[in-house]
Amino acid sequence: MDDISSKDYVVIDRFLRDELYTEIKSFFLGKLPNFKEAGIGAHSDNQIDNKIRGDFTYWLDRQRDTELETYWSLLDETIHLFNRYCYLSISGFEFHLAHYPSGGHYDKHLDQFENRNNRMISMVIYLNDDWKQEDGGELEIFEKDRTSFLVEPFAARCVMFKSAEVPHAVLEARKSRFSLTGWLLYQPSSVGKLIV
Ligand SMILES: O=C(O)CCC(=O)C(=O)O
Ligand SMILES: [Fe+2]
């Protein structure tokens with residue numbers, strides 16, 4: 001909590017305990033046939049451009065995806081901590097599963113859209129067993145002084161950062177790269193399901 005207040009980001013290893021990791025990973029693998037190519041922008045602006053990003057996603061829904069209830073409860077707790085100790089007013093979230101196939105990447109960007117600014121905290125949890133340095137796919141985080149550093153997408157590692165303030169990119173992955181990615185919202189998105 002202190003890190004995200006002072007540095008705008010935090011990396012937490014073993015964010016998921018083994019049992020929850022296994023639950024989420026097997027849920028992820030079961031949904032892989034249903035993933036769709038991700039676009040950029042919100043609502044009607046949404047367009048697919050695999051020069052900018054090359055991932056496939058599956059949007060989650062707490063009511064439907066009850067197999068993830070342990071994870072949803074963990075999120076409730078996380079949101080409670082943010083609101084209490086970082087004085088944020090988070091009142092909702094949106095999460096998807098993401099798959100970057102080999103060769104996939106995401107250019108430098110902020111997690112905000114021109115016509116929507118309710119994403120406060122971005123939260124990425126990696127689901128890659130045995131990830132090696134030569135597999136690429138690092139998350140590059142750009143700091144205020146324009147230097148950057150790389151975060152490897154290791155199993156059960158969680159990265160959180162301020163959505164509107166921290167530019168970031170996903171470097172080309174050299175094998176399938178899995179994550180559970182989401183955003184803690186200032187207000188729940190008002191207009192149905194977003195496709196991003
Ligand atoms: O998977 C990651 O490391 C980051 C993904 C990302 O930046 C996004 O989906 O907006
Ligand atoms: Fe992003």
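This is a predicted model: local features need pLDDT of at least 70, side-chain atom pairs count only at pLDDT 80 or more; totals for chains, interfaces and linings use all residues.
Local features require pLDDT of at least 70 and side-chain atom pairs pLDDT 80 or more, whereas totals for chains, interfaces and linings use all residues. Residues are numbered from 1 along each chain as its sequence is written, and chains are lettered from A and ligands numbered from 1 in the order in which they are written.

Ligand 1 is surrounded by Ala 98, Tyr 106, Asp 111, Val 124, Leu 139, His 168, Val 170, Ser 179 and Thr 181 (C-beta atom, placed from the backbone, within 6 Å of the ligand). Two or more of these residues come from each of strand 10 (168-170) and strand 11 (177-185); strands are DSSP runs (E, at least two residues), as are helices (H or I, at least four), numbered from the N terminus.

The largest nonpolar core contains 35 residues, and Ile 121, Ile 125 and Leu 184 have the most contacts inside it. Such a core is a set of buried Ala, Val, Leu, Ile, Met, Phe, Trp, Tyr and Cys residues joined through C-beta atoms within 7 Å; buried denotes 20 or more other C-beta atoms within 10 Å of a residue's own, exposed 12 or fewer, and partly exposed a value in between, with C-beta atoms placed from the backbone. Strand 6 gives the most to this core, with six residues.

Positive phi values occur at Arg 14 (about 50 degrees) and at Asp 130 (near 55 degrees). Arg 14 is found in the loop between strand 1 (9-12) and helix 2 (18-31) and counts as exposed because it has 12 C-beta neighbours inside 10 Å. Asp 130 lies in the loop between strand 6 and strand 7; with 8 such neighbours, Asp 130 also counts as exposed.
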